[in-house]
Amino acid sequence: MSTSDQQAAPSRLAVPELLIGIGLLACAGAVAWQTLAIPVSPLYSKVGPTVFPYLTMVGLVVLSLLLILAALRGGWQPEEEKETPTDWKAMGFVVIGLIANLLLIQPLGFTAASVIMFVLVCYGFGSKRTLRDVVLGLILALAAYFGFARALGVNIGAGFIENQLNAVIDAFITMLRG
Amino acid sequence: METLGHLAHGFSVAFTPVNLLWCLLGTTLGTAIGVLPGLGPALTIALLLPITYQVAPEASFILFAGIYYGAMYGGSTTSILLNTPGESATIVTALEGNRMARSGRGGAALATSAIGSFVAGTIGTMGVAFLAPVVVKFALAFGPAEYFSLMVLAFITVSAVLGSSSVRGLTSLFAGFVIGMIGVDLQTGQPRFTFGMTELLDGVDVIIAAVGLFAVGETLYMASRRYAGKDEIVPLKGSLYMTAAEWGRSWKPWLRGAAIGFPIGAMPAGGAEIPTFLSYAIEKKLSKHKQEFGTVGAIEGVAGPEAANNASAAGVLVPMLTLGLPTSATAAIMLSAFQSYGINPGPLLLTTQGDLVWGLIASLFIANVILVILNLPLIGLWVRLLKIPAPQLYAGILVFATVGTYGISQSPIDLVILYLLGAAGFLMRRFDFPTAPVIIGMILGPLAETQFRRAMTISNGDWSVFYTHKLSLTLLTLAFIGLAGPHIWAFIEHRRRRGPEHVPGDA
């Protein structure tokens, strides 16, 4: 082991880490922009609502510069993470599932959107039995909806499926009472 | 002896049939989520926060405390049988526990960890009961300046001292500050960091932050590394009854682990990593069976860290209940549950909410008893839970993430924020940023700001309050040592090694 080897290895620029540092610096910029937008009443001129945002901004600038410096010196990502190749296909399906949920939850209601997300995420994670996943997703979404929403009193967007089932349950309750 | 009276009263609160049921529900749920990789107590309690609108504070805190303790028990099962730590606090348990399971002594490993958790958890809970009133007497003298300095100390310890890098820990903390500041400033009514969006006026709910970082981020992370290979579940072998020799080798590590874990947990630093690693190192040093460490698995290496883990989990409740100072993500979310009831944890909590605090402490004793039963005779049930395949597990986690988030205000904007935080959580996992400081910064940041502004108002804008008050100065000095100390130490070591002519004693 020669000394030149030892010095060459850590001085390589780490691009992903550099991007993180720059991204954080941009965040600090956004914080500064939003802090300037805070209207300050003269009544609170001593320690107003802007003092902490400014302190946070300074902190973020210093930290992002330190991160950029670390990136220039070769980055910090653990070896184990670097060596594991990213499974883009699996991640892609999870992201598509999340976006589908976001777009469909209002038009179709929680249960239907959840089933679609469930199936897509399962497929991304390598499940090949799609039909079984549809059934599992439906059971889980309904359990979440009725167990969570009705028991905790949380209002989750109801769609076609929920409305039908709610109507059935209400009719059943009326029948029991009557 | 006053404490015993309070405790007796606490048991009368906790022993009502309804509260016992909440305790049973919490411990069962806690064990389950502790066993399941990818789910943790912080995420679970965040998802269950809406319950605070439905039931009395005693009931929901008994439930949350059960989940908190249960996750510690369940996490060790996963560590031992799967080698994937269910919780960060049980990383050390996996070292020896999984080796024991592989060499056919999984039963003994599970038994020593469950009984050790019980012993240390009970000692730790007693510690909470007796230490909390003492801390309260001390804390009553705190003014806003002291509170602010104490919070600075906690910020430094949770982000910079623990973990692999102080810069990355502090970055997480400051990101938490920014998220915490979004919304209307409570003292002046001015909107901050809302980017002109009315949806952001109420701020980012802690549920969204916790679910985004811990559920969505974790799912993306697990999806991204399917090539990393899977850990095999080691079939449970060996009797769950420990032999006399195993008892003999376990009881001292349990007590030592509790003695290490509780004080470290109770300090405004928190974190279970340091006490568990410390306990592991000590047991390795003291053991008469050193050859078993790292080979077939040594029972001392499971008993000590498991006890330390549970005792420190109990210790974390001391600063949380007496000072309103959360030092873990789970404690931070419990603090927001207090806020949801309009209760401010602090030195007055023990007197104004005596029923709640003592009922909670009493229920922790009960939870420990329930947990040791749940985790020994019923262990087979939890092992079955480990067999849930990853695709359905993570897809299911996302369904519950949606329920928890969308249920807040039925706003798709909340889902967008959730996914953005999920993406951030994924990057943080990939690039070794700790996530707990984000949650702590988000909850504790606004409280620190309030104390800061209060102190500055009282002093008429004079900054010197923070260093002329003796206690405040001490706390800030400790924070500075925590931040700069390791660097100065490393610098001195570096100098000493580089210059052989400066060897101490050579002068």
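Me: What should I know about numbering and cut-offs before I start?
Reply: Residues count from 1 along each chain as its sequence is written, and chains are lettered from A and ligands numbered from 1 in the order in which they are written. The model is predicted: local features need pLDDT of at least 70 and side-chain atom pairs count only at pLDDT 80 or more, while totals for chains, interfaces and linings use all residues.

Me: What ipTM and pTM does the predictor give the complex?
Reply: The ipTM is 0.87 and the pTM is 0.89.

Me: And what pLDDT does chain B average?
Reply: Chain B averages 88, and 95% of the residues score at least 70. pLDDT is the predictor's confidence in each residue, from 0 to 100. Over residues 500–507 of chain B the pLDDT is below 50, and that stretch has two contacts in the model beyond near neighbours in sequence. A contact here is two residues with C-beta atoms, placed from the backbone, within 7 Å.

Me: How many helices and strands are there in chain B?
Reply: Chain B has 22 helices and two strands. These are DSSP runs, numbered from the N terminus: helices are H or I with at least four residues, strands are E with at least two.

Me: How many residues of chain A are in contact with chain B?
Reply: 60 residues of chain A are in contact with 53 residues of chain B. Elements giving two or more residues to the chain A side include helix 2 (15–36) and helix 7 (130–152) of chain A. By class, that side has 38 nonpolar, 18 polar and four charged residues. Ala, Val, Leu, Ile, Met, Phe, Trp, Tyr, Cys and Pro count as nonpolar, Asp, Glu, Lys and Arg as charged, and the others, Gly among them, as polar.

Me: Switching to packing. At what angle do helix 5 and helix 6 of chain A pack?
Reply: About 175 degrees, with their axes 8 Å apart. They are therefore roughly antiparallel to each other. The contact divides into 17 nonpolar, four polar and no charged residues.

Me: How do helix 1 and helix 16 of chain B cross?
Reply: The axes of helix 1 (residues 2–14) and helix 16 (residues 354–375) of chain B come within 7 Å and cross at roughly 80 degrees. The two are therefore roughly perpendicular to each other. Axes are lines fitted to C-alpha atoms, for helices over the stretch in contact, and angles run from 0 to 180 degrees between N-to-C directions. Under 35 degrees counts as roughly parallel, over 145 as roughly antiparallel, 65 to 115 as roughly perpendicular and the rest as oblique.

Me: Is Arg105(B) buried or exposed?
Reply: Arg105(B) is buried, with 25 other C-beta atoms within 10 Å. Buried takes 20 or more other C-beta atoms within 10 Å, exposed 12 or fewer, and partly exposed is in between; C-beta atoms are placed from the backbone. Arg105(B) sits in the loop between helix 5 (91–102) and helix 6 (106–139) of chain B.

Me: And is Asn460(B) buried or exposed?
Reply: Asn460(B) counts as exposed, with 8 C-beta neighbours inside 10 Å. Its phi is near 60 degrees, a positive value in a residue other than glycine.
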